[in-house]
Amino acid sequence: MGAEKAEKKTIIFTYGTLKRGFSNHVLLQDMIAAGDASFLGVYQTADRLPLVCGPYRVPFLLNFPCSGERVWGELYAVSARGLIRMDELEGITRAHYERLPIKVQPQAQAQAEVTMAEAYYAHRNYAEALWKRNGEKGYSCYSEKEAKGYVKRKDRPQHLTFLEQIGRFISSDQQENPSACYCNKHLPAASVPINVVNH
């Protein structure tokens, strides 16, 4: 019996609620305890990318290189089993987010080597509309300030899908107040159509 081949890990860049100190980090804590993830450090995107907030102050990274800022986040090595859990949280099969390559660099080194990783980007079906809805302005970090007003999934209107919530946010006219409440009673009845592919 030979030694088992080490499992290949996927390197994931987290920029929002999966980071330490935020609401969804409990998933990564559970994965770390189970041996399905390990923390690699604080990293920044090598390229400028838009980081915006959508309904309920949910963060979204947009796959529009050379727009926005270089974004700060955390890097994790994730097992295949852990990746399934993260994909489920991020709604990959429901066109909520899509997992795509990203180039990142360690925080502490100015001329650091670029590391290839993957990140959960806003799905291409609504990313451009979300960028416009945010006035084509993004953040360099999803911090407590940007997260103020964040509403956990269980506390959002349950009769609306996540994509319906995004559609209502995009069609709302409260662009001047990005921290405004986007609960059902404060959103317009009509939502913009989002071309969603059902998987």
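Is Ser-38 buried, partly exposed or exposed? Select Ser-38 and have a look: this residue is partly exposed, with a relative accessible area of 33%. (Buried means under 20% relative accessible area, exposed means over 50%, and partly exposed is in between, using a 1.4 Å probe and protein chains only.)

Before moving on, know that you have a predicted model open, where local features need pLDDT of at least 70, side-chain atom pairs count only at pLDDT 80 or more, and totals for chains, interfaces and linings use all residues. Residues are numbered from 1 along each chain as its sequence is written, and side-chain values use heavy atoms, with hydrogens and water left out.

**Stop 1: around Ser-38**

Ser-38 sits in strand β2. (Strands are DSSP runs of E with at least two residues, helices are runs of H or I with at least four, and both are numbered from the N terminus.) Leaving aside residues up to four places away in sequence, Ser-38 touches Ile-32, Leu-75, Tyr-76 and Ala-77; contact here means heavy atoms within 4.5 Å. Now pick Lys-9 as well: Ser-38 and Lys-9 are 29 residues apart in sequence, and their C-alpha atoms are 9.7 Å apart in space.

**Stop 2: the partners of β2**

Select residues 37-45 for β2 and 72-78 for β5: the two run antiparallel and are joined by seven bridges. (Two strands pair if DSSP finds at least two bridges between them.) Click on Gln-44 and you'll find Trp-72 of β5 opposite. Thr-45 has Val-104 of β6 as its bridge partner.

**Stop 3: helix α1**

Go to residues 25-33, helix α1, and colour its buried residues: His-25, Leu-27, Leu-28 and Met-31. Seen down the axis of α1, they fall within an arc of 150°, so they line one face of the helix. (The arc is that of the directions from the helix axis to the C-beta atoms.) A handy rule: an α-helix has 3.6 residues a turn, so residues three or four places apart point the same way. What do the buried residues of α1 pack against? Show β1 (10-14), β2, β5 and α2 (80-89), and you have the answer. Turn to the face of α1 away from its buried side for the exposed Val-26 and Ala-33. After α1 comes Gly-35, with a positive phi near 80°.

**Stop 4: helix α2**

In α2, select Gly-82, Leu-83, Met-86, Asp-87 and Leu-89, which are buried. They cover an arc of only 155° around the axis, which puts them on the same side of α2. Arg-81 and Ile-84, on the other side, are exposed. The cover over the buried residues of α2 includes β1, α1, β5, β6 and β7 (115-122). Gly-91 follows α2, and its phi is positive too, near 65°.

**Stop 5: helix α5**

How many of the ten residues of α5 are buried? Select residues 162-171 and count: eight of the ten, so to speak a mostly covered helix. Among them are Phe-162, Gln-165, Arg-168 and Phe-169. Elements covering the buried residues of α5 include β3 (51-53), β4 (59-61), β6 and α3 (127-133).

**Last stop: the largest pocket**

Finally, select Thr-17, Asn-24, Leu-89, Glu-90 and Arg-153. These are the closest to the centre of the largest pocket, out of 20 lining residues, and the pocket has a volume of about 290 Å³. (On a 1 Å grid over the protein atoms alone, a pocket is an open set of points with protein on both sides within 12 Å along at least five of seven lines, and lining residues have an atom within 4 Å of a point.)

Conventions. On a 1 Å grid over the protein atoms alone, a cavity is a set of points where a 1.4 Å probe fits but cannot get out, and a pocket is an open set with protein on both sides within 12 Å along at least five of seven lines; lining residues have an atom within 4 Å of a point. Grid points are joined across faces, edges and corners, and a volume is the space filled by probe spheres set on the points.
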